[in-house]
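User: Can you walk me through this one? I'd like the overall picture, then some details.

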Amino acid sequence: MQRAAQALLRGRLAAAAAGTQSTATRNVGIGMAFADRHIGPSRLEKQQMLDYLGFKNLDELTATNVPKDIRLNKDLDLPPALDEHRMLRELREISKMNKFRIGRRLYNNIDEMAMI
């Protein structure tokens, strides 16, 4: 059953790839806002994709295509989400802990500006 579902999915994806591109696909990166390019599909778009592929929900799609032995069967233990500015601050603090900087301060020299 699983092989048949995977074959069906591959066939539908190939058919979709061979068809005409959607407006969203054609215009990626051309005058689109950052959020439009990176947030991902809306609920409606996800449901349209699932309907086209013949699945009721993402869990069914995943169960059909991801082998059981590599699935994580528990919730991830993640810290609360951060906004972009706080995350950048935290990453800067973490980067300050780096002891080795490639090509810098390995020798007693002065870094000159790049010549163009």
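User: What share of the contacts with a separation of 6 or more comes from residues 24 or more positions apart?
Analyst: In the protein chain, that share is 42%. Keep in mind that this is a predicted model.

User: OK, how many helices and strands are in the chain?
Analyst: The protein chain has 6 helices and 0 strands. Read from the N terminus, the order is α-α-α-α-α-α.

User: What's the mean pLDDT of the chain?
Analyst: The mean pLDDT is 75. A value of 70 or more is reached by 53% of the residues.

User: Where is confidence lowest, and where is it highest?
Analyst: The lowest is helix 2, residues 23-26, with a mean of 45. The highest is helix 4, residues 43-53, at 93. Across residues 20-28 the pLDDT is below 50. That stretch makes 3 contacts in the model beyond near neighbours in sequence.

User: New topic. How much of the chain is buried?
Analyst: Of the 116 residues in the protein chain, 6% are buried.

User: Which residues make the nonpolar surface patch?
Analyst: Leu82, Met87, Leu88, Leu91, Ile94 and Met97 make it. The patch covers about 520 Å².

User: Where does Met97 lie?
Analyst: Met97 is in the segment after helix 6, which spans 84-95.

User: Why does Met97 count as exposed?
Analyst: Because its relative accessibility is 56%, and the exposed class starts over 50%.

User: Let's do charges. How many salt bridges does a search of the whole structure find?
Analyst: The search finds 2. One joins the side chains of Arg86 and Glu90, at 3.7 Å from N to O. Another joins Lys96 and Glu93, at 3.2 Å from N to O.

User: Where do Arg86 and Glu90 lie?
Analyst: Both are in helix 6. They sit 4 residues apart, about one turn of the helix.

User: One more residue. Where is Leu58 found?
Analyst: Leu58 is in helix 5, which covers residues 58-65. At 40% relative accessibility, Leu58 counts as partly exposed.

User: What does Leu58 touch, leaving out residues up to four places away in sequence?
Analyst: Leu58 touches Lys46, Met49 and Leu50.

User: How far apart are Leu58 and Lys46?
Analyst: In sequence, they are 12 residues apart. In space, the distance is 8.5 Å from C-alpha to C-alpha.

User: Can you give me a quick recap?
Analyst: The predicted chain has 6 helices and 0 strands. Its mean pLDDT is 75, and helix 2 is where confidence is lowest. The nonpolar patch includes Met97, an exposed residue. The salt bridges pair Arg86 with Glu90 and Lys96 with Glu93.

Terms used:
Residues are numbered from 1 along each chain as its sequence is written. This is a predicted model: local features need pLDDT of at least 70, side-chain atom pairs count only at pLDDT 80 or more; totals for chains, interfaces and linings use all residues. Side-chain values use heavy atoms; hydrogens and water are left out. Patches are made of residues with over 30% relative accessible area and no salt bridge: like charges are joined within 9 Å, nonpolar side chains (Val, Leu, Ile, Met, Phe, Trp, Tyr) within 5 Å. Accessible areas come from the Shrake-Rupley method with a 1.4 Å probe; for residues, only the protein chains shown count as cover. A salt bridge is a side-chain nitrogen of Lys or Arg within 4 Å of a carboxyl oxygen of Asp or Glu. Helices (H or I, at least four residues) and strands (E, at least two) are DSSP runs, numbered from the N terminus. Buried means under 20% relative accessible area, exposed over 50%, partly exposed in between (1.4 Å probe, protein chains only). Contact means heavy atoms within 4.5 Å. pLDDT is the predictor's confidence in each residue, from 0 to 100.
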